[in-house]
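Subject: Structure for your review

Dear colleague,

Please find the sequence and structure below. My notes on the fold come after them.

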Amino acid sequence: MPLFDFHCSACNKSLELLVKSDAKPVCPDCGAELAKLVSCPVAPGGSAAIIASARRRAASEGHFSNYKPSERPRGK
Ligand SMILES: [Zn+2]
């Protein structure tokens with residue numbers, strides 16, 4: 001399932017939830033219906049380049065948070 005960003009207008013906080021695309025999640029704190037955030041719209045075909053550049057920058061800074069554990073260099 002995809003991970004989406006949601007915002008609770010009642011609590012004024014944002015959270016990430018794994019939801020089905022047609023689900024209407026509610027705030028775990030107050031029970032209000034959450035608004036799905038459409039953050040970081042990416043042009044078709046652009047996401048791979050964005051991820052690649054983010055990974056290059058992260059690697060140059062000495063961390064690998066953008067990598068899956070299986071993709072990280074051994075010994076780190
Ligand atoms: Zn809430």
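The notes start with the chain as a whole and then go through the sheet strand by strand.

Please keep in mind that this is a predicted model.

Overall content. The protein chain has 1 helix and 3 strands. Read from the N terminus, the order of elements is β-β-β-α. The chain has 76 residues, and 3% of them count as buried. Of the contacts between residues at least 6 apart in sequence, 24% link residues at least 24 apart.

The sheet. The 3 strands form an open sheet in the order S2-S1-S3, and the pairing is antiparallel. Strand S2 (13–18) and strand S3 (35–37) are the edge strands, each pairing on one side only. From one strand to the next, the twist averages 40°.

S1 with S2. These two strands are antiparallel and are paired over 6 bridges. One of the bridge pairs is formed by His 7 and Ser 14, the latter in S2. The hairpin of S1 and S2 has 4 residues between the strands, and in this hairpin Asn 12 adopts a positive phi near 55°.

S1 with S3. Strand S1 covers residues 3–8 and is joined to S3 by 3 bridges, again in the antiparallel sense.

Regards

Terms used:
Residues numbered from 1 in each chain as written. Predicted model: local features only at pLDDT ≥ 70, side-chain atom pairs only at ≥ 80, totals over all residues. Buried ≥ 20, exposed ≤ 12 C-beta atoms within 10 Å, placed from the backbone. Contact = placed C-beta atoms within 7 Å. Pairing = 2+ DSSP bridges. Axes fitted to C-alpha atoms, helices over the stretch in contact; angles between N-to-C directions.
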